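Hi,

Here is the structure I promised to hand over.

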Amino acid sequence: MMKIPYAFLTKQFEHPEAIIKQVTKLVKEGDFTLGPRVDEFEKRFAAFQKAKYAIGVSSGTDALLMIFRALGIGLGDEVITVANSFYATAAVIANVGAKIVFVDVDEEYNMDPKRVELAITKKTKAILPVHWTGNPADMPAINKIARKHKLYVIEDAAQAFDASIGKQRAGTFGIAAEFSLHPIKNYNVWGDGGVVTTSQKWIAEKIKMLRNHGLVNRDICEVWGYCSRLHTLQALVGTLLLPLAKKVTDERIKVADRYDKLLSSVPQITIPPRRKNVRQVYHTYILQAENRDGLIKYLLDNGVDAKVHYPIPLHLQKAAKNLGYKKGDLPVTEKQAKHIFSLPIHQFLTNKEIEYVAGTVASFYRNPRR
Ligand SMILES: *Cc1c(COP(=O)(O)O)cnc(C)c1O
């Protein structure tokens with residue numbers, strides 16, 4: 001039996017010496033908050049993502065929060081998003097006092113543009129699509145609806161670093177985008193970190209103020225802000241890891257292609273449609289399975305660290321109770337929640353390991369006693 005762990009961090013940072021050397025320098029300089037290292041990181045991040053401005057903040061979650069605050073979205077406003085995302089997507093909407101409006105997803109697990117128009121009311125301020133698994137949502141269609149109704153489009157690109165539709169990067173379709181540098185993301189740092197990208201100078205300037213207590217300088221506080229700066233240490237790590245990021249993505253895409261090929265012959269497994277002109281970066285590799293729970297148990301018993309992202313959609317969580325959703329409101333999302341599972345995916349998987357994982361999935365369905 002092989003052991004195929006989901007985690008990859010100990011392998012990624014087996015040899016941290018080069019980074020540690022730079023950290024030692026930073027510590028000796030006592031350069032811990034903002035400063036040239038954060039500026040440098042932001043410049044490089046913006047260049048990589050083909051964004052006009054990038055602002056480093058303390059997490060992906062706070063990146064979203066800063067965007068909402070900069071755009072003035074809050075009490076009395078409605079924000080349309082999906083229910084198959086990470087908790088933070090919805091939490092930020094609620095935490096600025098706005099109302100979360102969930103719409104259903106398509107077969108690629110992304111916001112279904114057809115559902116969006118039906119959910120728009122007089123109070124709708126923004127549409128918040130999530131590029132789930134690192135697969136860009138249908139941004140041309142979503143932008144068209146947003147233009148028609150004069151709504152902001154904010155992209156939750158936490159999983160979509162280095163993703164694109166055609167030549168255009170995910171994160172450059174809306175007015176602003178949120179990225180996460182959390183350790184388990186494809187492009188990561190040594191703790192929490194996040195980035196806002198935007199094409200608008202006024203948003204960039206406002207967020208630089210908001211992340212640092214609303215200060216324009218040491219003595220002038222223009223608005224009540226936050227302590228949401230990207231740590232200088234994380235900016236340094238981010239800058240040093242950035243040159244490796246594309247290769248990580250390329251490796252993940254190769255792993256996903258191999259899985260796709262090997263699993264396409266298993267009739268009980270549904271692979272989502274793969275658009276040809278899209279660079280999907282596979283933060284997670286999610287398929288749907290018949291007898292999902294049986295399959296997961298079998299995979300775990302055979303050393304494959306399979307997971308579910310996530311078994312309970314956001315609209316059915318206890319936290320969403322006051323929104324009044326019930327089972328059946330988002331049929332596609334709910335059906336997927338019963339069948340989705342995630343296989344280990346990262347840049348260190350070998351062909352032999354990929355074949356073992358796919359072979360284990362296939363063997364579960366070959367044995368009728370299961
Ligand atoms: C990771 C993630 C976030 C939150 O990012 P943090 O850096 O952990 O705050 C938000 N949305 C999605 C879709 C994510 O995957």
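In the ligand site, an oxygen atom of the ligand lies 2.5 Å from an N or O atom in the side chain of Thr 61. I count this as a polar contact, meaning a pair of N or O atoms within 3.5 Å; within protein, one must be able to donate a hydrogen and the other to accept it, and residues adjacent in sequence count only if both atoms are side-chain atoms. For the side chain of Ser 180, the distance from an N or O atom to a ligand oxygen is 2.6 Å, and for that of Lys 185 it is 3.2 Å. On its own the ligand has 380 Å² of accessible area, and the protein covers 93% of this (Shrake-Rupley method, 1.4 Å probe; for residues, only the protein chains shown count as cover).

Before going on, please keep in mind that this is a predicted model: local features need pLDDT of at least 70, side-chain atom pairs count only at pLDDT 80 or more, and totals for chains, interfaces and linings use all residues. Residues are numbered from 1 along each chain as its sequence is written, and side-chain values use heavy atoms, with hydrogens and water left out.

Which residues come nearest to the ligand? They are Gly 60, Thr 61, Asp 156, Ser 180 and Lys 185, out of 15 around it (a residue is near if one of its heavy atoms lies within 4 Å). By class, three of the shell residues are nonpolar, nine polar and three charged (Ala, Val, Leu, Ile, Met, Phe, Trp, Tyr, Cys and Pro count as nonpolar, Asp, Glu, Lys and Arg as charged, and the others, Gly among them, as polar). At least two shell residues come from each of α4 (60-71) and β8 (176-180) (DSSP runs numbered from the N terminus: helices are H or I with at least four residues, strands E with at least two).

Now to the sheets. One is open, with three strands in the order β7-β6-β13 and antiparallel pairing (strands pair if DSSP finds at least two bridges between them). Its edge strands, β7 (168-169) and β13 (278-279), each pair on one side only. Strand β6 (residues 164-165) is joined to β13 by two bridges, and Ile 165 has Val 278 as its bridge partner there.

Another open sheet of three strands is ordered β12-β14-β15, again with antiparallel pairing. At its edges are β12 (269-270) and β15 (340-343). Two bridges link β12 to β14 (residues 285-289), where Ala 289 stands opposite Ile 269.

Best wishes
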